[in-house]
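Q: I would like to learn how to read a few features from a set of coordinates. Can we go through them one by one?

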Amino acid sequence: MRDGTPARTIYLAEYKPPAFLVDTVSLDVDIHPGGTVVRSQLAMRRNPARDDAPADCVLDGEGLQLDAIALDGASLSPERYSHDASSLTIRDVPEAFTLSVTVTIQPEANTALEGLYVSRGMYCTQCEAEGFRHITFFPDRPDVLSRFTTTVRADRARYPVLLSNGNKVAEGEDGDRHWVTWEDPFAKPCYLFALVAGDLAFIEDEYVTCSDRTVTLRLYAEGRDLDKLGHAMDSLKHAMDWDERVYGREYDLDIYMIVAVSHFNMGAMENKGLNIFNTSCVLAHPDTTTDLGYQRVESVVAHEYFHNWSGNRVTCRDWFQLSLKEGFTVYRDQEFSADMNSRAVKRVEDVDMLRTIQFAEDAGPMAHPVRPDQYQKIDNFYTVTIYEKGAELVRMQANLLGPRAFRRATDQYFDRFDGQAATCDDFVDCVEEQAGMDMSVFRRWYHQAGTPQLTVTDRYENGEYVLEVSQKTPATPGQPEKAPVMIPLALALIDGSGELMVLNDAGDRETVLIIDQARQVFRFRLPEKPVPSLLRNASAPVQLSYAYSHEQLAALVAHDTDGYCRWDAVQRLYLSALDALLEDQAPDQVTRPLVPVLEQVLARAGEDPAATALLLELPSEKSLAERYTPVQPDRLFEARLALARSLGVALAQPLVRVFKDHRVREAYSPNATQAGQRALSHAALTWLVAAEGADVSGWLDDLYHGADNMTDRLMALKLSLFHGLPVAQAMLEDMASRWGDEDLVMDQWFAAQAAVPGEGAASRAAALLEDARFDWASPNRVRAVVGTLVNRNLSGFHAASGDGYQVFGQALARLDQLNPQVAARVAGAAAILPRLEDGRQALLRGVLDGIKADGCSDNLDEVLGRILGT
C-alpha cells in the first residue's frame, strides 16, 4: 500500500467460476534487451458454468505497455476497451471470440523476479502464483486451463537456447536472430507457463517409461556448472521410476527439462515440461555442496517431478486450495526420500522441522488454516502450514487407509480430476469413498488453524491399564473456538524387560486409537504397568502432553523400536535439563542423570550413525523460544551452551571415540552411509568443542584442511566461528580465496558468519550487507545473511541493545523496494513479537511500526499488519 490504498482482501466464500474460458493460447515472445514484445492470441468463450457472466471481459495485467488490441482480427477502437494499472477490460464481447494483444515489457528492470526477468544474462520466468499477468493480459487464475503454443525469438549469438513448455515443434533463423516454437498438448493454468532464453549448456540422458516410451531428460546450466548436474539427473530418474511403481504415474511428454537459475524467489517451479530451479536445489558437487545440500537436491528434484500429476495434470481450483497440490506433493517427496535413504531418520528430520517452525507459526499471529479462508497477497501463503502441515494431513489419511486403499484413493483422484482444477474436499472425498467411513471430523483439520494439544494420563489398577486422552486446539486469530478433530494416536506399550506388549486378542503389539472427541478413555488388560510409547512415527501433528518420568524416558531411549519416539524421549530429557539450568541449578548436577542414558546411546552409535547423530542434537534456540514466555533469547542461548559444555565434559571419552571412529576416510560420496557417519562424527565434535578440550583447534584445523568435501570444511568453519577460535579467520580467507566465484559456496560463507551469536551479531551482519560480494538482487544471498540472522541466531537478532532490530528494519525497507515477496517472507521472523519480554517487544515494535508508517508493498504490509495486530 505504498500509495496509501489498502490491498483488497480475497475471500474463499466469494469464489465464482471464471466468467470466460481460454481454450488455446498462442504466444510470440520477441526478446530485445530494453523492450521485449509479447504478442498473444487467446481463443476465448463464455463459461457455461456461469449464469451471471458479465457482458465485458476483464483480464489481469500489471506493468504492461499496451501496443495493440484486436477482436476477431479487427482492431478495437478506444471506446471498446479500457486499461488501468492492473487490468484490461473489453466491452460487449460475443459468446466466443479471438482476442489478440501486443504488449511491451521490461524484463531487465524486473527485480521482483515474477513474470519474465533476467538472471545473470539469462531470460527466465516465474509465474506462480500471479506472475503471468506481468507477461501479457490474461485471466490469471488457476481454474482457467488452456493449451499453449509458444514461439520465442532472440539474438542467435547471445541467446542460443530458447525453451518453453511442451515439445519442440518448429524452429528457424531470421538473419542474426532465431526462433523456436514449443507446443504443450496438455491444458494448464497460466501459472505453469515457462520460458528461458540464454547461453546455456546441458547434460542429456533418457528414461524409458513403464509403457516403453523413451523420454529425453535434459538439464541446463551455465557451462561452468555442467559437472554439478549429475546428482540431479540421477535423482530425476529415481523419482520417475518411484512414481511409476508407487503411484502408477507415467511421464506424458517427449522431453523433461530443468534449468538452473541463480536469482529465484523460491526453491524450484514445476512448470509443465520445463522446471526452473534455484541453483541451490539442482547443482551439487563435493567441493561446493554439503550432504544436506545433496539431500535437498534429491528431494526438490523429486518434488517438482511429482507435481506433473499432483499439481499439473490435476491442479487447484483457486489459491485457497494451494495445499491440495503442495501438501500432497510434499508427502510424496518425503516418502520418496525415506525410500531412498533412512526412513526413520527422514521422519525425525521432517517432524523436527514441523515442531520447530510450523508449530510456532500455528501459535503466533501468522497462524492460518491449511485451507485459508481469506488473503490479500497469495504469495504470503507459501508457508510451512500449507506445505508441511498439509503433508501431515495427507499422511494421516494414508495411514488411516493403509497402502493399498490409499493407492486406490489416489488412482481415483487422478482419474476423476485429470485435466481439471480440484479442491481439498475433492481429495478427501476420494479418501472417504475408499475408507468407507465418515471423514467430516477429519475435514476440520483443513479449516481450523492451530496445533491441537493432546493430553494423556494413565493409571494401572487390578490388571487394567487405563488411558484417558483429551484434546483441545488453542484459539488463533479469527478462530476463538475450535471443535475436536480426528487424531490417529499410534501407540505401543513397553514392559519392564523392554519388550512391546500384546495389546489384544489378535496379538497386535502396536495399535492406532482414533481420537475424535474432546475426551476419550481406552482400556487394556495387561499383566503389569507399561511405559507408553505414544504418537509413534509422529502419527499426527499435535503437541503431546504426558507426564513422563526420567526413568520412563530412559526406558524409551533404551528399548523403543520407534525412531521418532526414541528421539522425542531424548528431546524431553534435554528440555528437562534446560528447565533446571534456567532455574539456576548447577550444570554438573543437571546433567548427571543424563549421562548414563547418553552413554548407552553412544555405545550403540554404530547401529545407525545417522539416527544417533539426531539423538545428540540439542533442541534449537528457535524451538526453545516456543517453550518459554516471555522469551529471553540470551538466557536460552547461555543455558543451551552450558548444557552442551557440561555434556561434552562428562562424555568426553566416548565422544572422542565416536568422533574418531566415524571419521570417513574413503573418497567422498553423498550416499546415506557416508552421510550418516559424517553427521555422527560432527555431532560428537560439536559437544567436544563446546567442552573446550585442548585438542579442539587441532581437530578443527585438520577437519578443514584434510577434507575432500564441503560438508567437513563447513562444519569446521562453523564451529570455529561459533566459539571464536583463532583458526576461524584463516578458514574464512581460504574459502573465499578458493571458491569466491562459486555463489553457492559464498552463500554458505556469508551464512556461517551471520550465525555467530552474541552482542556483535548485528554489527557483523551490517558489515556483511556492505561487503562488495553481497548482492541485494539475489534472494539466496539475502537469505544467507538476513534470513540467518533473524531465524538462526536468536541471541544475536534479539540482543538487548536492539541493534539486531535496526539492521533487520533497514534490510527490510531496502529489500521491499526490490523484491516484496522475499521481504515479506523474511519479515515473518518478527512473528515472535507478542512473546518477547516488554523491553525487546517495544524495540522491535518500534522498528516495524516505522516501516509500515513509511509505506511498503502490499506483501510486506499484510505480514506486518498481522504481526502488529493492525
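Q: Is Gln 397 buried or exposed?
A: Buried means under 20% relative accessible area. In this predicted model, Gln 397 has a relative accessibility of 0%, so it counts as buried. Its place is in helix α5, residues 384–401.

Q: Which residues does Gln 397 touch, leaving out those up to four places away in sequence?
A: Gln 397 touches Phe 406, Phe 427, Val 428, Val 431, Met 439, Phe 442 and Tyr 446.

Q: What is the relative accessibility of Thr 423, and where does Thr 423 lie?
A: Thr 423 counts as buried at 11% relative accessibility. It lies in the loop between β24 (420–422) and α7 (424–435). With residues up to four places away in sequence not counted, Thr 423 touches Arg 317, Gln 321 and Leu 324.

Q: How many Å separate the C-alpha atoms of Ala 405 and Glu 433?
A: The separation is 9.9 Å, for residues 28 apart along the chain. Ala 405 lies in helix α6, residues 403–417, and counts as buried at 9% relative accessibility.

Q: What is the C-alpha to C-alpha distance for Pro 820 and Asn 859?
A: Pro 820 and Asn 859 are 5.9 Å apart in space and 39 residues apart in sequence. Asn 859 is also among the residues that Pro 820 touches, along with Ala 112, Leu 815 and Ser 857, not counting residues up to four places away in sequence. Pro 820 is in helix α26, residues 820–827, and at 17% relative accessibility it counts as buried.

Q: How is a pair of aromatic rings described?
A: Such a pair is described by the distance of the centres and the angle of the planes. A search of the whole structure finds 41 aromatic pairs. In one of them, the ring centres of Phe 138 and Phe 148 are 6.2 Å apart and the planes are at 40°, so the pair is tilted. This pair links distant parts of the chain: Phe 138 is in the loop between β11 (122–126) and β12 (147–155), and Phe 148, ten residues apart from it, is in strand β12. Both Phe 138 and Phe 148 are buried.

Q: At what angle are the ring planes of Trp 242 and Tyr 247?
A: The planes are at 50° and the centres 5.8 Å apart, so this pair is tilted. Trp 242 and Tyr 247 are both buried.

Q: Which ring does the charged end of Arg 218 sit over?
A: The charged end of Arg 218 sits over the ring of Phe 202, 4.7 Å from its centre. Elsewhere, Arg 332 lies over the face of Phe 328, at 5.5 Å from the ring centre.

Q: Which residues of helix α16 are buried?
A: In α16, residues 652–661, they are Pro 654, Leu 655, Val 658 and Phe 659. Seen down the helix axis, these buried residues fall within an arc of 135°, so they line one face of α16. Gln 653 and Asp 661, on the other side of α16, are exposed.

Q: What do the buried residues of α16 pack against?
A: They pack against four helices: α12 (594–603), α15 (633–650), α17 (672–690) and α18 (696–705).

Q: Which residues does a cis peptide bond join?
A: A cis bond joins Glu 128 and Ala 129, with omega about 5°. Ala 129 is in the loop between β11 and β12. A cis bond also joins Thr 629 and Pro 630, with omega about -5°. Pro 630 lies in the loop between α14 (621–625) and α15.

Terms used:
Residues numbered from 1 in each chain as written. Predicted model: local features only at pLDDT ≥ 70, side-chain atom pairs only at ≥ 80, totals over all residues. Heavy atoms only, no water. Phe/Tyr/Trp six-rings, centres within 6.5 Å; stacked < 30°, edge-to-face > 60°. Helix = DSSP H or I, 4+ residues; strand = E, 2+ residues; numbered from the N terminus. Buried < 20%, exposed > 50% of the residue type's maximum accessible area, 1.4 Å probe, protein only. Lys NZ or Arg CZ within 6 Å of the ring centre and 35° of its normal. Arc of directions from axis to C-beta. Contact = heavy atoms within 4.5 Å.
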